[in-house]
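Please open the model in your viewer and keep the selection tool at hand.

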Amino acid sequence: MRDFPTAVTELIAAAPPTDLGPGTPAAERRAQIRTAVASLPPACGAGLWLLFDYLDESHTISQADESCPNRNFWHAIMHRREPDAWNSKYWWRRVGAHPVLAQLAEQAPAVGYKYTTPFDFVDFCEKARGTGSADEQTAQRVQRLEWDLLFAWCFDRGARK
C-alpha cells in the first residue's frame, strides 16, 4: 500500500464495490471525502469522489482543467459510468497515450480481461452493465484496477493538475 494520507487509506478500504453505472453516492462518506480531497492533488480528488459514486463532484474537478491528461482520464471514466459512451470516447481521445493504459494492458489479464483500448473497454462495459453476468463482474474488476492504477499514478507524481 502506498503512503496515502490516513483519511484516504481509510476511505479506499471502505469503498463500495465498483459500479459500471452511476451508482448511488455514499452520503455517509461525504464529509470524509471532502476532508480527504482537500489533502490531495486535484486529479486524485476527482478519483476519490468517483470511487464513492459522486459523479458530479468528480466531473467538476475533471472539467476544471481540460488540458490535463490525468483529469481527462477521470473525466472519461465518469462519462463511461454515467453512462454516456459517446462522451466517454470523446474524452478518451483527449487522454491520448497515457502510461496507465499500458499498465492496464499489462495487468488486466490477471483479472480476466484482455485490455486493448479504452474504446473497446467502453463498449464492453456498455454490453455488460446491468446484466449480472460474468462479463459484468469482469468489467467491474477491470474498472477497479483502472481506478487503483490511475489514483496511484496521480498520487505518486503529485499530479497538481
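Helices are DSSP runs of H or I with at least four residues, strands are DSSP runs of E with at least two, and both are numbered from the N terminus. The model is predicted: local features need pLDDT of at least 70, side-chain atom pairs count only at pLDDT 80 or more, and totals for chains, interfaces and linings use all residues. Residues are numbered from 1 along each chain as its sequence is written, and side-chain values use heavy atoms, with hydrogens and water left out.

**First selection: Pro83**

Select Pro83, in the loop between α5 and α6 (85-95). The peptide bond that joins Glu82 to Pro83 is cis, with omega about -10°.

Select α3 (42-51). Nine of its ten residues are buried, where buried means under 20% relative accessible area, exposed over 50%, and partly exposed in between (1.4 Å probe, protein chains only). Among the buried residues are Gly45, Leu48, Trp49 and Leu50. Display the surrounding helices as well: the buried residues of α3 pack against α1 (6-13), α2 (30-37), α4 (55-63), α5 and α9.

Asp53 is found in the loop between α3 and α4. Its phi is positive, about 70°, although Asp53 is not a glycine. Is Asp53 buried or exposed? Asp53 is buried, with a relative accessible area of 9%.

**Fourth selection: the core**

A nonpolar core is a set of buried Ala, Val, Leu, Ile, Met, Phe, Trp, Tyr and Cys residues joined through side-chain atoms within 4.5 Å. The largest such core has 50 residues, and Leu48, Phe52, Trp74 and Phe151 have the most contacts inside it. Its largest share, nine residues, comes from α9. Now select Phe52; beyond its neighbours within four places in sequence, its contacts (heavy atoms within 4.5 Å) include Leu11, Pro16, Arg29 and Ile33.

**Fifth selection: the cavity**

A cavity is a set of points on a 1 Å grid over the protein atoms alone where a 1.4 Å probe fits but cannot get out; lining residues have an atom within 4 Å of a point. Grid points are joined across faces, edges and corners, and the volume is the space filled by probe spheres set on the points. The structure holds one cavity of 30 Å³ or more. The largest cavity has a volume of about 80 Å³. Select its lining: Pro16, Thr18, Asp19, Leu50, Leu51, Asp53, Ile77, Arg81, Gln143 and Trp147. At least two lining residues come from each of α3, α5 (69-81) and α9 (134-156).

How values were computed:
1 Å grid on protein atoms, 1.4 Å probe; cavity = no way out; pocket = protein on both sides within 12 Å on 5 of 7 lines; lining within 4 Å.
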